[in-house]
Amino acid sequence: MSEPIIDLYPHLGSLAKDYVTLDNDTRIDWIRSPRWIGYPKAKDILNKLDDLLIYPKRHRMPNLLIVGDSNSGKTMIADRFSSMHKAYEKDNNEGVVIPVLSIQAPPVPSESRLYSNILDKIFAPYRPSDSAEKKHHQVVHLVRACNVQMLIIDEIHSILAGNLEKQRVFLSVLRNLGNELKIPIVGLGTKDALRALKTDPQLDNRFKPILLAKWEYTTDYRRLLASFESVLPLKNPSNLSDKAIALKLLSMTEGLLGELSELLSDAAIEAIVTGKECIDLELLSKLDWLAPTARRSQRL
Ligand SMILES: Nc1ncnc2c1ncn2[C@@H]1O[C@H](COP(=O)(O)OP(=O)(O)OP(=O)(O)O)[C@@H](O)[C@H]1O
Ligand SMILES: [Mg+2]
């Protein structure tokens, strides 16, 4: 009779199980490498983006505004969505299809720079000094030619870096671009983005805000911690979703996903280097870590 296989690492997912027996440097490199961890709010937003992508074309397309603090995971969601809808070449050299075009908002509300960012993203040749009108024609032509179905604009709160008149003009450019191309526009930004869009009532109506809130001590949060634990290749279980450690992590990161990801990576590396092989309250309290607010006030 064959021996039953004993699972030495029941706290780990299959990929982390592959890594856990490798040498420390390889494990540390793996911990530092970027990864996607799914959670309900992100899945909800990805589903909404999927719905928007297949929305029938009409004059007034619905738009979405993903609002969240800095380091809350907005760009990761947009990148994840783009990677699920990658650009591809059509058969017989008939050109390229870019279902999702994702750009950064220009640092100031400038129509010409918005077009430049779009043209850069699709590697279109242009002269930065070309008139906004010329770039606009080129953008509309290329966006149609590449079958772009959605425009994502990150850091859209940058609109506020201009005076009210410039903001107004920029918002009407966005509105017209959406109307002309008949594609949904998805903005990502901090709460300031909401304030910026409110200055254009017609756009405000069409940008449905969806909030990526800070994490609180909920079942979803504890599941998120369990997901992190399952991807960090440590030999011993940390039980991160237990109340005391979950609350400690929450206060150290102030509920921000980017902070949590960084803190857990630092802690996992420390757990490997010290040979402890798990993250516990003692290890966390010995880490050189400042909560975001304290870090900010130290910088001032
Ligand atoms: N779904 C996720 N899975 C794993 N890690 C994540 C996830 N989302 C975010 N992170 C971590 O949080 C960090 C910050 O995320 P992101 O850059 O998306 O935040 P942001 O909201 O766009 O911030 P900012 O407003 O400053 O641009 C990422 O670099 C990554 O380490
Ligand atoms: Mg971002």
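Modeller: Buried area is the accessible area (1.4 Å probe) that two parts lose on being put together, summed over both. The model is predicted, with local features needing pLDDT of at least 70 and side-chain atom pairs pLDDT 80 or more, while totals for chains, interfaces and linings use all residues. Residues are numbered from 1 along each chain as written, chains are lettered from A and ligands numbered from 1 in the order written, and side-chain values use heavy atoms, without hydrogens and water.

The two parts here are domain 1, made of 14–36 + 215–294, and domain 2, which covers 55–212; such bounds come from an automatic or database domain assignment. Between the C-alpha centres of the two domains there are 35 Å. Where they meet, six residues of domain 1 are in contact with seven of domain 2, contact being heavy atoms within 4.5 Å. Together the two domains bury about 590 Å², and carbon and sulfur atoms carry 64% of this area. On the side of domain 1 that touches domain 2, three residues are nonpolar, one is polar and two are charged. Here Asp, Glu, Lys and Arg count as charged; Ala, Val, Leu, Ile, Met, Phe, Trp, Tyr, Cys and Pro as nonpolar; and the others, Gly among them, as polar.

Between domain 1 and domain 2 there are zero salt bridges (a side-chain nitrogen of Lys or Arg within 4 Å of a carboxyl oxygen of Asp or Glu). Two residue pairs are in polar contact across this boundary, both at pLDDT 80 or more. A polar contact is a pair of N or O atoms within 3.5 Å; within protein, one must be able to donate a hydrogen and the other to accept it, and residues adjacent in sequence count only if both atoms are side-chain atoms.
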